[in-house]
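Good morning, and thank you for coming.

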Protein chains: 4
Amino acid sequence: MSDIKKVVLAYSGGLDTSVILKWLQDTYQCEIVTFTADLGQGEELEPARAKALKFGIKPENIFIDDLREEFVRDFVFPMFRANTIYEGEYLLGTSIARPLIAKRQIEIARQTGADSVSHGATGKGNDQVRFELGYYSLEPSIKVIAPWREWDLLSREKLLAYAEQHGIPVEMKHKQGGAPYSMDANLLHISYEGRHLEDPKAEAEESMWRWTVSPEQAPDAPEYLDIEFERGDAVAINGKRYKAHEMLAELNKIGGKHGIGRLDLVENRYVGMKSRGCYETPGGTILLKAHRGIESITLDREVAHLKDDLMPRYASMIYNGYWWAPERVAIQTLIDHTQQSVSGFVRVKLYKGSATVVARDSVNTLFDQNIATFDDDGGAYNQADAGGFIKLNALRMRIAANARRKRGS
Amino acid sequence: MSDIKKVVLAYSGGLDTSVILKWLQDTYQCEIVTFTADLGQGEELEPARAKALKFGIKPENIFIDDLREEFVRDFVFPMFRANTIYEGEYLLGTSIARPLIAKRQIEIARQTGADSVSHGATGKGNDQVRFELGYYSLEPSIKVIAPWREWDLLSREKLLAYAEQHGIPVEMKHKQGGAPYSMDANLLHISYEGRHLEDPKAEAEESMWRWTVSPEQAPDAPEYLDIEFERGDAVAINGKRYKAHEMLAELNKIGGKHGIGRLDLVENRYVGMKSRGCYETPGGTILLKAHRGIESITLDREVAHLKDDLMPRYASMIYNGYWWAPERVAIQTLIDHTQQSVSGFVRVKLYKGSATVVARDSVNTLFDQNIATFDDDGGAYNQADAGGFIKLNALRMRIAANARRKRGS
Amino acid sequence: MSDIKKVVLAYSGGLDTSVILKWLQDTYQCEIVTFTADLGQGEELEPARAKALKFGIKPENIFIDDLREEFVRDFVFPMFRANTIYEGEYLLGTSIARPLIAKRQIEIARQTGADSVSHGATGKGNDQVRFELGYYSLEPSIKVIAPWREWDLLSREKLLAYAEQHGIPVEMKHKQGGAPYSMDANLLHISYEGRHLEDPKAEAEESMWRWTVSPEQAPDAPEYLDIEFERGDAVAINGKRYKAHEMLAELNKIGGKHGIGRLDLVENRYVGMKSRGCYETPGGTILLKAHRGIESITLDREVAHLKDDLMPRYASMIYNGYWWAPERVAIQTLIDHTQQSVSGFVRVKLYKGSATVVARDSVNTLFDQNIATFDDDGGAYNQADAGGFIKLNALRMRIAANARRKRGS
Amino acid sequence: MSDIKKVVLAYSGGLDTSVILKWLQDTYQCEIVTFTADLGQGEELEPARAKALKFGIKPENIFIDDLREEFVRDFVFPMFRANTIYEGEYLLGTSIARPLIAKRQIEIARQTGADSVSHGATGKGNDQVRFELGYYSLEPSIKVIAPWREWDLLSREKLLAYAEQHGIPVEMKHKQGGAPYSMDANLLHISYEGRHLEDPKAEAEESMWRWTVSPEQAPDAPEYLDIEFERGDAVAINGKRYKAHEMLAELNKIGGKHGIGRLDLVENRYVGMKSRGCYETPGGTILLKAHRGIESITLDREVAHLKDDLMPRYASMIYNGYWWAPERVAIQTLIDHTQQSVSGFVRVKLYKGSATVVARDSVNTLFDQNIATFDDDGGAYNQADAGGFIKLNALRMRIAANARRKRGS
C-alpha cells in the first residue's frame, strides 16, 4: 500500500511518458495530474490532452502551458548573458529547460494538492538530476517518483511489450527498426543521443538532423543580420523588435536555413560517464557570437575576464542541474550587474554553417579610436609610459634572474 | 655620448625595421647585430641580409635563423595542449611567437657580446611587452631600446620622410594610398590591424585576407581529415606523419583552401586599450577543434574541467607576454601532465569556413559504451544509485528550504 | 612655466607632506589646497591646519574631514564581508583606506576648481598606485603630482636638509637616530616598514608595536565577546549596538588589550618587489574570525566555497588599488548578495594573542541538528542514499581504472 | 546466500569495529582479514591483534602496519606544500589519512585474495566517501561493505545491546554517561564530534581536549623554533634533522605544550549537511605558518597567487575524498613543481596558543633589500617607471570614465 496520493507527471504525450502514466496508475493506485509544457519543441500539445483523458485523467488535472516566453526571457537569455558553454562546445539546450519544468510542476503540485512529482528521465542521464534538484530545492518535502530507476522495463523491447499489453498505442515508427534516437527539443535546441551515436567513431547520419539544412544545402549567398542588444539581451533583428521567444524562434529559422549550429560531441555527464550527443542550436549559436561581439566593445577588460573565468563553473552549475541553487543565483547577480552597459548592435554574417561577427557599434563603446590609432594620436597616449609599465611588470622576474645568477645556478 | 655599445635588433628587412636600424646607428653610434627569424611567415629572408650589408652591418653580425620547428614544437603545440583562446576568440598567433624571438635575441646578444637589444614594436601594443618581458626574464641586466617609444617619427608621413632622407628604399606600395595594414605572420597565423579596421563598425575588405579564400570561394565539396594525436600533439594526417612545423603548414594549406579560420575581433590589449584585429588561423582553428575532440574521449571529466578553468588565465599569460614567467611554466607543467593519455584520432570535416569534429577514437578511451548505452546494460550501471546521488546533492538545498519555511519567509 | 594651477594635496601635517607642500609651491608656483582626513589614525588633526596656514594656505583651502564612519561603513565592512586576506595573512589595512582618500581629494578638487592632486607616497610602494588609480578612475583628466617620483630628495638626509633649509620645523625624533619606521595608521590597523625590518631575518623589536600589548603582557584571564551580525556586518558587542566606526574602535581597544592581531610578513608588492611589513590589526583580526563564524552556520556550502575561491582575487584587487574598478564592484555585488542571511551571534574568546570562536547561533541557521546527529535521527536522513552518492561520484574513476586494466597498464 | 567471500576490514580494535567484525561474520558468513594501521594515533595496536584472534581471525589474516612515515611523507607533507585549509579553518587531519588506509586495504585485499573491503564510517559522514572513492579508484571491481548503511544498529543503545548480546567486551566508559565523542586521531590531529558539540552555540568543555593544554595552562615564557625547509618540506628543528613523521610528532609535542592548534568549527560536509567539529592540530598549525613564511621569500608573487587561487579547490578535493582522482594528482604536479626553491629557515614564536613567524631566510631568497629599501638605492629601481606603470594600468578606467562623461551619465 503506497503513501503516494497524487502525482504531477511531466507528460509529453509520447510513448515513454504514456507508459509511465499507466505504470504510475497501476503501481501506486494514485491520482495523476499531467503537465505538458510548450517550450517551443514544435509539437502539437493538444493530442497530449486527448491521450491523458483516455487514461482517465480528470480534465481539471490536465495542464498544458505555453511557457515559451518565460523560458527564453528568464532562463535562456540570463544564461547567454554569461556566454555559457559546457566543455568548450555545448550550449546547454536541454539543461536550461529542466529547471523551468521542475518549477512549474511544483507550482501545479501546490495548486492541486499533489504530494508527488514524476518525470520520464532515465537513471543514467543528467535530466533526472536537473528535475529532482529543482523539485527538492523548491519543495523540500515533495516525493519524487523516477520510474526508470524503479521499474524493470530497462530495454526498448520490454517497454514496447508493456505498452502493447496495456493498450497504449504505439506508433509505427517505434515498432520498426531499432530504438529511435533519444531526442529533446525546445526553443534553444534539439538533441540526439543513442542508436549508433553510441559509437563515438561513427559519424552521425545526415538524415538525423532536423532543424538545420546541411551546410552543403544552405544558400550560396551569405546573409547579414544586424542584431540589436539592450543590457545584454537581443531585442531586434534588422531594426525589427521581437519578444524574447520570438527572437530565438526567428534566429532559429534563419540559422537553420544557413546550416548553422550543428554539434557532435562526447561530453561528461554529471552522473559520471561520458556520452555522445548531437545538437542543433542555430539561433543560440548566432546569439552567442553576437553577444560576445557586443560585449567586446562595451565591457571593461577585467570584467570580461572575470566573466570568462567564472563561465566554465557557471556552465557546470547549469549542466549539473543547480539552477535553483544559491550559488547559481549569486553568480547570476554578478553577471546581470555587468550587463548594464551591454547595448548596441552587432552585424553577423551567416553562410553555410558559419556565423561570423563582422561589425559592431554601441553608444556605450569603450573603443577609443583616438587612442588605438596607428596614426599620430596627438598625445592622447604617451608611448613612453609603456617603458615604466614593462619595467615594473618585469621587476619580479629580473630580481629572480639576478638571484639565480648570484647563486650560480 | 651613449653607453650603448652593441645592439641585437629584431630585423625583418622591411621598411620599419630598416628605419630603426639606421636610426639606431645614428642615435647611438653603436654596432648593430641584425637577427631575422624564419617563423614561417612566408617571406624570403635573404633580402634582409643584403639590406643589412648595405647598412654596413658586418657579415658576422647578420643572423638569419630557421626557427620553424622550434616555434611549433616548443611554443605552439604546448599552448594548444591547453586549448588556449584569449577572450573567447583569439588563438594567440602573434603572442606565441614573441617569446621565441626574445629568447633568440638574448642568445645572440650573449654570443656576440652585445649589451642591448631592440625591436620594432610600437609603444601602444602588446608586442613591446612580450619582447621585453622575455628579454628581462632571460637576461635581467640587458638594455632595451624601443625606438617607437623614443623617437618622434610617430606618423606614417614622418617615417617615410626619414627613410627618403636617409636613402632607405621605400617600395611603391608604401608611397601610394594611406598606411598599410599593420600585419604579422608566422606559421600559426597572419594578423591585420590599422587602416579602416580602426573603426569597429566597418567590415573588413575581402581583399585584405591573404591566407584563406573566402568561404564563398571555397570548394563545394567537404573534405575530411583524420588527425592523429600522441600525448596531446598532432602527429599525422590521414596516416602520414609530419614534423610539428610541417603539420601546421599542411593544416594551414588545407584550412586556407576551405576558408577556415578567419576572425574579426575587438580585443583588450594589456596596455589598457581596446583594439580591433583581423586574423587568419586556418591550421590552428582545425587543430583546436581536433584537440578538444581527442581530449573529449581521453581526459577525465574533472581534469578537463580543471584545464578549462585555468585556460583563460593561461591565455592571458601568453597574451600579456608572460611566457618566460614562472607561473606560466607552473601551469604548463600541469597541462603537460594531463596529456599523457591524449592519444588517438579525430575526424574533422572541413567545408566553406567550418571545421567540425564528426568522429574520434583512442586506445585510451574513457567512453564506455556498455555503461552509456540506452539499451539494457546488463547491470553495468545500477540506476538506483542515482536516487541517492541526487538526494545527497539536494540535501543542502532541502535543509535551506526547510529552514526558510520554518522562519516563514 | 608650469601648467599646474591648483593642487589638492593629501596632507597629514607631518614632516614628509610638509616638505612636499613647500616643494610644490616652489616647483609649480601653484595654489595649494590641503586635505587632512581623520580615518581614526589617532592623531590630532588641528595642528595640520595651523601648519598649513603657516605655509600660506588660504583658510578656505584647508580641508579637515572626519571620514571615520564612511571609512568603516563603506570600505572596511564591505571588504570584510568577503573575508579578504592578501597572501594568506595580510588584512589590507592600508590598502582599504587609499580609495577613500582618493575619492575625497577628487571631490575637493571639483569643489575648489583644482586641476591637480598630489600625495606623499613613494615611487616604490603600492600606495602611489592605489591613490592614482583612484584619481584617474574618478576624474580621468586630473593631473597627478607624485613628488617622490620627481624630486631628488631620495634619502632621509636630503629630505631633512631640505626641511631645514626651507624653515620647516623638524621634530627632535627625526633628527636623532636613523630613519623612523614608515608607518600608516587608520581605524583598521597600524603598519610598520623600513629600518631594520628591511632584513627579513631580523625580528621586530618589541618597542615598535604601538596598538597591542605583547601577548606576554596581556591579561591572564580570557575575555569573551558576543558579537552580533546583521547581513554580514557586526552591529553589537555583548548586546550593545555600535555604529560601524565605533564598533571597530571598540574591537581595537579590546583586541589591543589582549595582544591580538600582530603580524610580521614578507609580502609581494604590486610594483614587483617583495617587502617586509609589520601590522597590528586587533579589531580586524577578531572581526574576520567572527565573520567566518557566523557565515559557517548561515551560508550555503557552495556559496561559501564560491566566496572562498574569489577571495584571493578580490584581495589582490584591493591590495593593488582597484577599488574603483568595475571588476571590483562586480565582485562586491555578488558578495553583498550572499550576505542577506548572514545574521546572528558569535562568541569569541580572547586570550594572550588569540581570538577563537567558541559558539555561534542564528535564526537563519542552516545547521540541522536533527540530520547531523550521531544518534538515531528518526529517518531524517537515509544513510543508504550515501551508497548511490559514492557510487556515481566514483564512476568516472572506476571506468578509468577498468580502461587502464584492459590496456594492461 | 552472499557472494562475499573474504573481507578486509579497517579494524581499530575498538567497540564499533569489533561489532562490525562480528556483524560481518554473522551476516555474510565470510572470512575476515583485519587491518590495523599505526598512523600515530597514540594507541597500542597489539590489543587489536588479541581481539581479532578472539573473534577467530586467522593469524595470517591479521595485519598491523606502521604507516607513520608513509603517512607524513607521502600524504601530509605534499598537502602542506599547498598550504591547504578547508573553509578557511580546517587543516584536513582526518581527510588526509583516509586515502592511505584505503590504499593499504586494497593492497591487502590483493595479497590475501579478498573480494571485499569494509570500514566503520557512518552513512552521514565524509569518511565513507573518502574510503570508498579510494577503494573504487584503485580497484574498480572491489565490493564495499559499509555496515552503518546496511544494518539497523543506528543508535548507541542498539549498538551496545548488540555487543553485549554477542559477547563483545564493552568498556566501562561506554556504558556510563551518554555516547562518547566521536574521535579520530593520527599524527596530524585529533578530532571530536557529537555529544553536546551537536549544538553549535554550546562551547566545548575544557575536559574534551587531549593533545593541547589550554593556552591558560601553557608556559608563561614563549619558545622559539628555527624550522628548516628543503623543497617545501620541514626537515629540521633548531638544527636537528628529523624524518617526516618524527618531525610532525616533535612539532605536536612542542605545540601541544603551548596550547597551539585548537579549532572549533561548523563545517560543510560533502554529503550535504553542516556539522560541528573540534580539532587539535598543534604541529600542523605551526607547520602551515612556517611553510607560508618560507614561501614568502622564496616563491615568485604570481606563482604564490596561483597556488592561493587553487588552494580552496585542492582543499575540497582532499576533504571530499578525491586524493586518488586524476585532478588531484594534476594539481599536486603543479604544486610540487613550485616547491623546488622553497628551502631555508623560519623562526616561529610559540606562546599560549599562538604560533607567529618572526624571521625567515633562504639562499633562494627573492627579497632584494637593495631594491626594497626606503633609503637611497643607488639607482637599482627607477621610481619614474612607476608613473608609466600606473598610467597604463589606469588607462581602461580613464577611457571608461571619459566615455561615461561624453554620454553625460
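**Interfaces, an annotated site and some loops**

Chain A and chain B bury about 9100 Å² between them, and carbon and sulfur atoms give 53% of that area. Please keep in mind throughout that this is a predicted model.

Let me stay with this pair of chains for a moment. How many residues of chain A are in contact with chain B? The number is 102, and they meet 102 residues of chain B. Between chain A and chain B there are ten salt bridges. Among them is one that joins the side chains of Asp264(A) and Arg360(B), with N and O 2.9 Å apart. Polar contacts also cross this interface: 45 residue pairs of chain A and chain B take part, both residues being at pLDDT 80 or more. Which element supplies the largest share of the side of chain A that touches chain B? That is helix 14 of chain A, residues 385-407, with 14 residues.

I turn now to the other pair, chain D and chain C. Here 102 residues from chain D are in contact with 103 residues from chain C. The area buried between chain D and chain C is about 9100 Å², with 53% of it on carbon and sulfur atoms. In polar contact there are 45 residue pairs between chain D and chain C, again with both residues at pLDDT 80 or more. The salt bridges between chain D and chain C number ten. One of them links Lys289(C) to Glu89(D), where the closest N and O atoms are 3.6 Å apart. On the side of chain D that touches chain C, helix 14 of chain D, residues 385-407, gives the most, with 14 residues.

Next, the division of a single chain. Chain A falls into domain 1 (6-68 + 92-166), domain 2 (182-298 + 341-361) and domain 3 (368-408). Between the centres of domain 2 and domain 3 of chain A, taken over C-alpha atoms, the distance is 41 Å.

I come now to an annotated site. In an unreviewed entry, UniProt places the feature "binding site" at Thr122(A), Asn126(A) and Asp127(A). I shall describe two of these residues.

Asn126(A) lies in the loop between strand 4 (116-118) and helix 5 (127-138) of chain A. Is Asn126(A) buried or exposed? Its relative accessible area is 7%, and because buried means under 20%, Asn126(A) counts as buried. Apart from neighbours within four places in sequence, Asn126(A) is in contact with Glu267(A), Arg269(A), Tyr270(A), Val271(A) and Tyr319(A).

Asp127(A), by contrast, belongs to helix 5 of chain A. Asp127(A) has a relative accessibility of 17% and is therefore buried. If residues up to four places away in sequence are set aside, Asp127(A) touches Thr94(A), Arg98(A) and Ala121(A). The side chain of Asp127(A) also makes a polar contact of 2.7 Å with the side chain of Arg130(A).

Let us look at two residues with positive phi. Gln29(A) is not a glycine, and its phi is near 50°. Where does Gln29(A) sit? Its place is the loop between helix 1 (15-28) and strand 2 (31-38) of chain A. Gln29(A) is exposed, because its relative accessibility is 67% and the cut-off for exposed is over 50%.

The other residue is Lys352(B), which is not a glycine either and has a positive phi of about 45°. Lys352(B) is found in the loop between strand 13 (344-351) and strand 14 (354-361) of chain B. With a relative accessible area of 1%, Lys352(B) is buried, whereas Gln29(A) is exposed.

What does the side chain of Thr84(B) reach at 2.9 Å? It reaches the backbone oxygen of Met79(B). Leaving out neighbours within four places in sequence, the residues in contact with Thr84(B) include Met79(B), Tyr90(B), Leu91(B), Leu92(B) and Met311(B). Tyr314(B), Ala315(B) and Ile318(B) are also in contact with Thr84(B).

Thank you for your attention.

Technical notes
Residues are numbered from 1 along each chain as its sequence is written. Chains are lettered from A and ligands numbered from 1 in the order in which they are written. This is a predicted model: local features need pLDDT of at least 70, side-chain atom pairs count only at pLDDT 80 or more; totals for chains, interfaces and linings use all residues. Side-chain values use heavy atoms; hydrogens and water are left out. UniProt positions are given in the numbering used here, feature names are shortened, and annotations may be inferred rather than shown by experiment. Helices (H or I, at least four residues) and strands (E, at least two) are DSSP runs, numbered from the N terminus. Buried means under 20% relative accessible area, exposed over 50%, partly exposed in between (1.4 Å probe, protein chains only). Contact means heavy atoms within 4.5 Å. A polar contact is a pair of N or O atoms within 3.5 Å; within protein, one must be able to donate a hydrogen and the other to accept it, and residues adjacent in sequence count only if both atoms are side-chain atoms. Domain bounds come from an automatic or database domain assignment. Buried area is the accessible area (1.4 Å probe) that two parts lose on being put together, summed over both. A salt bridge is a side-chain nitrogen of Lys or Arg within 4 Å of a carboxyl oxygen of Asp or Glu.
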